[in-house]
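Hi,

Here is the structure I promised to pass on to you. Have a look at it first, and then read my notes on what turned up.

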Amino acid sequence: MARIRVQKIASVVYRLAFKKEVEITEDLEARSGNVVVVRALSEKRIYNEVELENGRMSRVSRGDVIVGALGRRRALQGFVGEVPKSLRVGDTLQLLNMGGVVGKSRSFHKDLGQPIVVEVLGMAVRDGRIANLRDAVLPAVETLAGRDIPPLVVVSGTCMNSGKTFVCSQLMQELSKRGKAVHGGKLSGVACRRDTISMEDHGAMRTASFIDVGYSSTAGLEPGAMVEIARNVIAYLAEGDPDAIFLELGDGIIGDYGVMPMLTDRELAAHRSLHIFCAGDLVGAWGGHRFLADQGIAIDLFSGPCTDSSVGVEYLESAFGVTAINARLNPERLGEEVERRLGLRNPSGEAGEAGETKEAAKA
């Protein structure tokens with residue numbers, strides 16, 4: 001085994017707590033989640049950064065040695081890539097996302113250009129074997145039955161960049177201002193800590209994502225694996241007795257990231273108190289409503305760019321009889337509506353004082 005000094009440790013492997021000197025092997029296994037050490041062979045002017053363990057962004061320069069993980073990406077508005085079928089030292093792969101997921105690129109994006117090309121130097125080793133994201137995960141749970149699960153607010157949408165993270169963050173900020181304890185999670189997508197960090201910045205006291213269950217990406221996972229991810233993240237977020245848990249379903253309801261199995265699973269649906277749907281325009285909102293209705297899944301609130309003006313709000317509310325509130329223009333109203341629907345208002349009908357903790361309210 002050799003040791004190598006690295007410049008950047010990507011956020012996809014943050015739970016493994018690597019140091020800047022990493023033991024590597026040249027006996028490689030092409031398996032999703034395996035920790036791979038690569039050297040950047042190119043650099044870019046756009047989409048040219050990697051997210052580090054602590055969430056800070058760092059520009060990738062030619063020659064940088066980076067610790068990442070093998071994974072798959074199937075982004076509508078980003079790169080598409082796969083875990084290679086075989087892998088040897090010296091092979092070239094691509095950096096598929098900012099979180100440090102590495103794979104074999106299949107196509108580039110018109111606005112992002114080609115992904116950064118990297119050379120495989122080896123795979124990180126722990127205790128004599130190749131390190132994998134599954135080596136440091138949240139405790140697994142078989143079922144949510146018998147657990148005290150607080151109200152779950154699930155936010156889904158048409159695709160990436162449809163406003164889901166912003167809605168989650170604004171809602172957590174509004175409820176935390178009202179003295180509510182909120183936790184947040186991201187259940188699907190490709191590894192990056194940016195969204196859960198945003199949740200923390202807006203008041204979430206605890207966060208978790210599919211990375212914490214050992215996955216670099218949820219693209220192509222079987223339905224059972226998606227339900228397992230959701231169950232384990234929810235069980236973790238339920239600890240600490242929060243007033244509500246906000247869950248973002250990354251990517252869209254149509255796509256390869258496994259959103260629908262989590263929406264249709266009976267056990268998960270039984271704990272879902274509110275479903276918010278985000279869309280970029282009215283056609284997307286209409287199609288999402290129709291698609292979900294065919295699956296027996298209701299939308300409780302609309303948000304996202306489809307509600308950017310009164311035109312969208314009026315259409316959605318008249319066409320579907322579903323409340324539509326823009327999180328950017330009317331965050332307080334959205335917070336009040338969600339608080340009311342979750343039954344979190346005090347008996348007097350007023351929200352708690354800003355900054356008041358749940359424990360203090362009980363005292």
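A residue counts as buried when its relative accessible area is under 20%. Please keep in mind that this is a predicted model. With that cut-off, D212 is buried, because its relative accessible area is 4%. Its partner is R15: the two side chains form a salt bridge, 3.0 Å from N to O. This pair joins distant parts of the chain, with R15 in the loop between β2 (8-9) and β3 (21-25) and D212 in the loop between β16 and α3, 197 residues apart. R15 has a relative accessible area of 31%, so R15 is partly exposed.

Other salt bridges

The whole structure holds 20 salt bridges. One of them brings together the side chains of D256 and R74, at 2.7 Å from N to O. Here too the pair links distant parts of the chain: D256 sits in the loop between β17 and α4, R74 in strand β8 (residues 73-74), and 182 residues separate them. D256 is partly exposed at 33% relative accessible area, and R74 is partly exposed at 28%. R129 and D135 also meet through their side chains, at 3.3 Å from N to O. R129 is partly exposed at 47%, and D135 is partly exposed at 34%. There is a network as well, in which salt bridges link E174, K177, R178, E336 and E339.

The largest cavity contains about 90 Å³ of space. Two or more lining residues come from each of β14 (152-157), α3 (223-238), β17 and α4 (259-264). The lining of this largest cavity has ten nonpolar residues, no polar ones and one charged one; R272 is among the lining residues, as are L152, A230 and M262.

The second largest cavity holds about 50 Å³. Its lining divides into six nonpolar, two polar and two charged residues. Among the residues that line this second cavity are K44, E49, N48, N97 and F79.

Helix α2

Which residues of helix α2 (residues 194-201) are buried? They are D195, T196, I197, S198 and M199. These buried residues pack against α1 (164-177), β15 (182-188), β16 (206-209) and β17 (244-249). After α2 comes G203, with a positive phi near 115°.

Happy to talk any of this through with you.

Best wishes

Notes
Residues are numbered from 1 along each chain as its sequence is written. This is a predicted model: local features need pLDDT of at least 70, side-chain atom pairs count only at pLDDT 80 or more; totals for chains, interfaces and linings use all residues. Side-chain values use heavy atoms; hydrogens and water are left out. Buried means under 20% relative accessible area, exposed over 50%, partly exposed in between (1.4 Å probe, protein chains only). Helices (H or I, at least four residues) and strands (E, at least two) are DSSP runs, numbered from the N terminus. Contact means heavy atoms within 4.5 Å. On a 1 Å grid over the protein atoms alone, a cavity is a set of points where a 1.4 Å probe fits but cannot get out, and a pocket is an open set with protein on both sides within 12 Å along at least five of seven lines; lining residues have an atom within 4 Å of a point. Grid points are joined across faces, edges and corners, and a volume is the space filled by probe spheres set on the points. Ala, Val, Leu, Ile, Met, Phe, Trp, Tyr, Cys and Pro count as nonpolar, Asp, Glu, Lys and Arg as charged, and the others, Gly among them, as polar. A salt bridge is a side-chain nitrogen of Lys or Arg within 4 Å of a carboxyl oxygen of Asp or Glu.
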